Amino acid sequence: MKIICNQKFLANKIGISQKAINGKTTLELLKGILLSAKDEQLKLTGYDLEIGIEAYTQAEVIEEGEIVVNARLFGDIIRKLPDSFVEIETDAENNVYINCLNSRFKIKGDSAKEYPRLPEVNEEDLYNIPQELLKNMIKQTVFAISQDQTKPILMGELLEIVDGDISLVAIDGYRLAVRSCKINNIINNAKVIIPGKTLNDVNSLLSSEEDVKVGFDEKNAIFIINDTKIITRLLEGDFIDYKKLLPREYNSKVKLKTKELLNSIERASLLSQSEKNNLIKLSIRDNVMAITSNTDKGNVYEEVSLELTGEYLDIAFNSRYFLEGLKNIDSEEIFIEFTTNINPCIIRPADDVKYTYLLLPVRISSNI
């Protein structure tokens with residue numbers, strides 16, 4: 001193999017393909033990036049047997065070929081080279097020669113023959129989703145994915161497409177986040193569970209105004225973002241029937257300014273940041289929500305104006321969970337619906353965005 005390519009473009013594609021490499025793997029070959037030169041393109045592939053990423057960059061291909069190079073070492077070398085053109089060449093002993101202006105490197109590569117190939121996913125029937133929309137959907141839900149490895153199905157998100165409505169759903173046992181939207185190019189209904197790591201990787205690559213192409217088969221999902229492909233294994237199992245968790249009625253409903261509530265809860269949680277429970281108490285009356293927190297360090301009192309429909313209520317929450325929901329709502333105002341102080345509340349934007357955040361309360365004790 002012998003190619004010439006731009007240093008900056010190459011460094012960028014190395015960073016993208018490295019996202020699929022698991023540094024904890026014991027298989028040396030999977031610590032590497034597969035370089036494939038063909039048809040005036042260089043394809044860089046990272047793969048950990050669960051998620052694979054293919055990133056493409058233009059190159060002058062003098063001699064076609066493939067080689068596996070250690071991702072960390074190769075990436076460090078390319079990133080440190082001058083902003084110029086890089087020549088990469090291999091020999092029969094899998095040595096890799098990297099030349100750029102006055103810099104010369106020789107590193108050991110591995111044969112590409114043993115490198116595992118990514119699963120093939122049909123790229124004909126794909127959904128087109130605007131990048132900005134998908135980025136917002138992931139941002140507003142992925143934080144609620146479970147980190148409990150004993151519940152692997154909840155370490156992913158349900159992606160559901162029903163009659164043109166697309167939804168992303170995350171649950172961790174304490175809260176639930178659902179973001180829905182309409183898409184135009186309806187192919188078929190779908191229901192798959194995508195690993196949270198994959199969604200974070202996809203989110204980090206979303207930036208342009210072009211559509212993301214998304215598709216599925218029985219075991220895998222594919223995301224095509226500009227000149228990058230992400231193929232991931234789907235999680236197997238039954239996701240929780242989240243719709244049964246959403247209360248159908250409420251006894252109290254309040255309307256508040258999102259930023260005011262966010263700022264007040266952030267201040268109220270300052271005393272409990274080192275505490276395990278991070279508790280805050282909300283006392284809802286006619287036109288005011290009082291936010292309090294009592295710890296060994298002291299106590300705090302905050303007030304936020306509101307519009308109340310229904311009954312007075314005293315209820316307590318983990319402040320971190322409450323804040324994570326509020327930070328992902330872009331609407332200036334929100335509605336919060338309560339049933340009792342031991343049942344979950346529902347937080348929704350006051351505008352037309354289809355976003356629902358369900359949060360379980362904490363039982364109130366006398367010291368809060």
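Contact means heavy atoms within 4.5 Å. The structure shown is a predicted model, in which local features need pLDDT of at least 70 and side-chain atom pairs count only at pLDDT 80 or more, while totals for chains, interfaces and linings use all residues. Residues are numbered from 1 along each chain as its sequence is written, and side-chain values use heavy atoms, with hydrogens and water left out.

**First stop: Ser-84**

Select Ser-84, in the loop between helix 2 (71-80) and strand 7 (85-90). Helices (H or I, at least four residues) and strands (E, at least two) are DSSP runs, numbered from the N terminus. Ser-84 has a relative accessible area of 18% and is therefore buried (under 20% relative accessible area; exposed is over 50%, partly exposed in between, with a 1.4 Å probe and protein chains only). Residues up to four places away in sequence aside, Ser-84 touches Cys-5, Asn-6, Gln-7, Cys-100 and Leu-101.

**Second stop: helix 1**

Colour its buried residues: Gln-7, Leu-10, Ala-11, Lys-13, Ile-14, Ile-16 and Ser-17.

**Third stop: the nonpolar cores**

A nonpolar core is a set of buried Ala, Val, Leu, Ile, Met, Phe, Trp, Tyr and Cys residues joined through side-chain atoms within 4.5 Å. Select Phe-216, Leu-261, Phe-322 and Ile-336, which have the most contacts inside the largest core, of 67 residues. Apart from that core lies another of 27 residues, among them Leu-35, Val-61, Cys-100 and Ile-107.

Next, select Val-142, in the loop between helix 3 (131-139) and strand 11 (156-162). Val-142 is buried, with a relative accessible area of 14%. Beyond its neighbours within four places in sequence, Val-142 is in contact with Glu-157, Gly-196, Leu-199 and Asn-200. Its C-alpha atom is separated by 6.4 Å from that of Ala-170, 28 residues apart along the chain.

**Last stop: the largest pocket**

Finish at the largest pocket, which holds about 440 Å³ of space. Of its 19 lining residues, Met-155, Pro-195, Gly-196, Lys-197 and Leu-235 are the closest to the centre. Helix 4 gives the largest share of the lining, 4 residues. A pocket is an open set of points on a 1 Å grid over the protein atoms alone, where a 1.4 Å probe fits, with protein on both sides within 12 Å along at least five of seven lines; lining residues have an atom within 4 Å of a point. Grid points are joined across faces, edges and corners, and the volume is the space filled by probe spheres set on them.
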